[in-house]
Structures are given as C-alpha cells and as structure tokens.
Amino acid sequence: MMFPLQANPATPNQPAAADGLIGDLWAALVASYGPAGPFYAIAAIGILIALIALPVVLRKQKDPLDRFSFKEERIEGELVKLRQGADSGNLQGLAPLLEPSNKEDLSSTRKDLRSAGYKDPSAVRLYFFAKAVLGLGLLCFGLILMFLIPDDPDVVFALLISTMMGLFGYFLPVYWVKRQIETRREDIQNSFPDAMDMMLVCIEGGQSLDQAMARVGQEMQQSSSPLAEEMEVVTHEFRAGKDRSTVLRDFAERCNVNDISSFVTVLIQSSQFGTSISQALRVYASEMRDKRLMRAEEKANVLPTKLTLGTMIFTVPPLILILVGPSFIQIIRSLSRFAG
C-alpha cells in the first residue's frame, strides 16, 4: 500500500530544505530581527573570517626559487640590502597615516620590532596597521554580536563589551611583540655560552674574529636561529666595510642581552689595548658556562616553592576527605538516630 507524499510547507522567510538545528536558528533570527536577521548573522561571520584571514593574506611569501641561487649572489644581494636599507613596500601608501610623526617614537618602535625579530622597514607600518585593524574589527564585531542577541540587549552593556573587545584587539599586537622579545632574548641567552665555546675554538684554530663569527652563525642555525641570524647580520656588516666597534655595539643593542653586551665590551677593549682576543674569550667563556649553571640551579631551587601551592590544593583536601569523611558520616548517623 502506497501513501501519497506530502509536500513540506515552507514559509517565505525559511527555506524548505532547512530543518533541525539550522531551521530553528533561522526561525529564531527571523523572529528576533525580521527577514534580514539571518543576513546579519552571515555578515558577522564573514567579517570574522576576514579578520582571521587578513594576517595570512598580508604575509609576504618567499620565492621558492631563491634556494637555487648561488651563494655569492645571495651574499651580494644581502650586502646591497644592508647598504641601501631596502623596503619591501608593504602598505607604502599608508605610511603617513600609520607611522608615527615623532622620530623618537618611530625609532623606539623600530628598535622593539628589531628586538622581536622583525627587521623589515615596513614592520612599523604593519605593526600599527595590525593594531588599527584588530581594534576596529573586534569593536565592530562586538557591536554586531551584542545586537544579534535577542530580547532587546542593553545598549550600555553592549557598548561596554564592544569597547573591551576593541581594546583587547588594539593591545594584542603590543603583547605579541613583547612576548616575542622575551622569547628571543631567552633563546639567545641560553645559546650564547655554546656559541662562545665554538668561537673560542675557531679563533684558537687560526681564524679571525670575522671568520669565527661567520662560522659560528652557520653552526648555530639548528640550535638557535635568532642568535644565528644576529651573527649573520654582523658578518654581512663586517664584509660591507662598516666600523667594527659600531657593528658590535649594534649587535649588543639588537639582542638586548647583558651577556652579549659584556662580550662586546671585552672585544672592543681587547682591540683597543692590543691584548689577546683568544685569552679574553677563554676567560669569558668559562664565566658564561658558570652563569648558565647558576641560572639552572636557581630555577631548580625555585621549583619546590612553586609546587607547594599545587600540592596543598590538590593533595591536602582529598587527604582530609579520606581521613575525616568516614568519621563525619558516622557522627551524622549517630545524631540522626539520637534525634529519632
């Protein structure tokens, strides 16, 4: 026996194919905001996807054919880039709006970005562009999200939440840069004693300081990429003919690590007074190893103190419950019997 198929009636505001959770959501949006309610939700989702995809779109991709170029050509190109200070051209037209007009603020921002590993001259523009886009984007997204909530949302509460989201988006790049600076500094500080040992071996083997730093920069690629990049920059500046003392001081300023600043001071003083660089490096490398051991012992000694709070929270309450729980249950039972 065959039963005739019945057509599923569809309202003008809800498609016939929409059923289940999607249909309920569609009906709720239409009931709250009218026929254009679903389109408001789609627009909010589109803005969120655009904000997520924006950093990927703005990131400059490397040419895969660069790895097939000759070493001499790469070195020559890097030396030319060091002399000219070439700009990648990202957001060049928005430079008057994005870059600070005060030279001190611009120099301070560029110094922080270089310490974080962003050496491109356009990094300052991208940094302020990210702050503006994330701030305004999250502000608009917060407003749209709060007004999509049904039952007439409070305007003051919606503005407060949206403002907090906008401030979060504005200060997110600041936190990211500071976090990158600390991570990069810690990586350089932990890897510098090993670099000192390798540099001492190279110098005692007959190489000059320039050759030793170039060799150490190549060997440190796998263990510490930030330190290898900084030494590579120092090597290129040496080859470009820049003053050695200036190059070393710039190296210490970019890394912003006390050990490297002391190392630069030792090299400059050895060059000025004519003392042996290998002997000075031997003493300084021994001190670096001792300092790294002391830092490791300090972290190991602080660890029990940090574990005390976790031990008290996750161990003492269950232990008290196991020991006192049965007695407490017996007391309650005895009181109930006495009262009965």
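Predicted model: local features only at pLDDT ≥ 70, side-chain atom pairs only at ≥ 80, totals over all residues.
Residue numbers start from 1 along each chain as its sequence is written. Local features need pLDDT of at least 70, side-chain atom pairs count only at pLDDT 80 or more, and totals for chains, interfaces and linings use all residues, while side-chain values use heavy atoms, without hydrogens and water.

**Exercise 1. State how many helices and strands the protein has.**

Solution. Take helices as DSSP runs of H or I, at least four residues, and strands as runs of E, at least two, numbered from the N terminus. The protein has 12 helices and 0 strands. Next, cover. Buried means under 20% relative accessible area, exposed over 50%, partly exposed in between (1.4 Å probe, protein chains only). Of the 340 residues, 28% count as buried.

**Exercise 2. Find the buried residues of helix α8 and the helices they pack against.**

Solution. Helix α8 spans residues 209–219. Its buried residues are Leu-209, Ala-212, Met-213, Ala-214, Val-216 and Gly-217. Now look for contacts (heavy atoms within 4.5 Å). The buried residues of α8 pack against α7 (155–204), α9 (225–239), α10 (244–255) and α11 (258–273).

**Exercise 3. Describe the surroundings of Glu-204.**

Solution. Start with location: Glu-204 is found in helix α7. Then accessibility: Glu-204 counts as partly exposed because its relative accessibility is 43%. Leave out residues up to four places away in sequence, and Glu-204 touches Ser-278 and Arg-282. The side chains of Glu-204 and Arg-282 are joined by a polar contact of 2.4 Å. Such a contact is a pair of N or O atoms within 3.5 Å; within protein, one must be able to donate a hydrogen and the other to accept it, and residues adjacent in sequence count only if both atoms are side-chain atoms. Finally, the C-alpha atoms of Glu-204 and Leu-281 are separated by 10.0 Å, with the two residues 77 apart along the chain.
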